[in-house]
Amino acid sequence: MHGHNILTGRWQRPKLRLQRRPATKTVKFTAVEQGRWFLLIHDLLMVGFSLQHALRFTKTVMPGLQPLLCEVEQQLAAGEMLATGLKKYVNQDLYYQLRLAEHHGALAQTLNELGTLRMTEVRQRRKLRGLLQYPLLLLGMLAVVIAGLVIFIYPELNSWQTQSTNKGWSSLT
């Protein structure tokens, strides 16, 4: 019995405690949101808003992006460029375009072009998805028909064939 106690004590699973992660809200900056945001910032800059005021305004207009915009606003207040604040949320091409635009003073025009580009990309993806749905639906229906043939029809035809060959040989003998 003493050996049993040693083995069970040695091989017991340690009790694991579940640790809670702090609740952090992940912000997705989708292509649609990027396009709308870039166009909105462009419009606000063209009307005469400063970049900081435009960011504050977009936080109220687009509340889903508030954590992202707060972080960008903090980095702008610290003296960073807009591109640096958006680096984690946009792809590398957009980051470098924004950085070059800020460096050369064409931020508003670049934001307009980027917003238009992102919205065009989204429209093209939606059209492509719509165009691909019909052939995929046809392929799915074809797969169902082939599966039905293999599972139901071919076994029935094989059983008829074996029955007819058995009758043919039995009549000859």
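Visitor: In what order do the elements of the chain run from the N terminus on?
Guide: They run α-α-α-α-α-α-α. This is a predicted model, and its chain has 7 helices and 0 strands.

Visitor: How many aromatic pairs does a search of the whole structure find?
Guide: The search finds 4 aromatic pairs. One of them joins Phe29 and Trp37, with ring centres 5.9 Å apart and planes at 75°.

Visitor: Why is the pair of Phe29 and Trp37 called edge-to-face?
Guide: Two cut-offs matter here: ring centres must lie within 6.5 Å to pair, and planes over 60 degrees apart count as edge-to-face. The Phe29 and Trp37 centres are 5.9 Å apart and the planes stand at 75°, so the pair is edge-to-face. Both Phe29 and Trp37 are buried, and together with Phe38 they form one aromatic cluster.

Visitor: How do you know whether Tyr95 is buried or exposed?
Guide: Buried means under 20% relative accessible area. Tyr95 has 7% relative accessibility, so it counts as buried.

Visitor: And why does Tyr96 count as partly exposed?
Guide: Partly exposed lies between the 20% limit for buried and the 50% limit for exposed. Tyr96 has 44% relative accessibility, so it counts as partly exposed.

Visitor: What share of the chain do buried residues make up?
Guide: Of the 173 residues in the chain, 25% are buried.

Key:
Residues are numbered from 1 along each chain as its sequence is written. This is a predicted model: local features need pLDDT of at least 70, side-chain atom pairs count only at pLDDT 80 or more; totals for chains, interfaces and linings use all residues. Side-chain values use heavy atoms; hydrogens and water are left out. Rings of Phe, Tyr and Trp (its six-membered ring) pair if their centres lie within 6.5 Å; planes under 30 degrees apart count as stacked, over 60 as edge-to-face and the rest as tilted. Buried means under 20% relative accessible area, exposed over 50%, partly exposed in between (1.4 Å probe, protein chains only). Helices (H or I, at least four residues) and strands (E, at least two) are DSSP runs, numbered from the N terminus.
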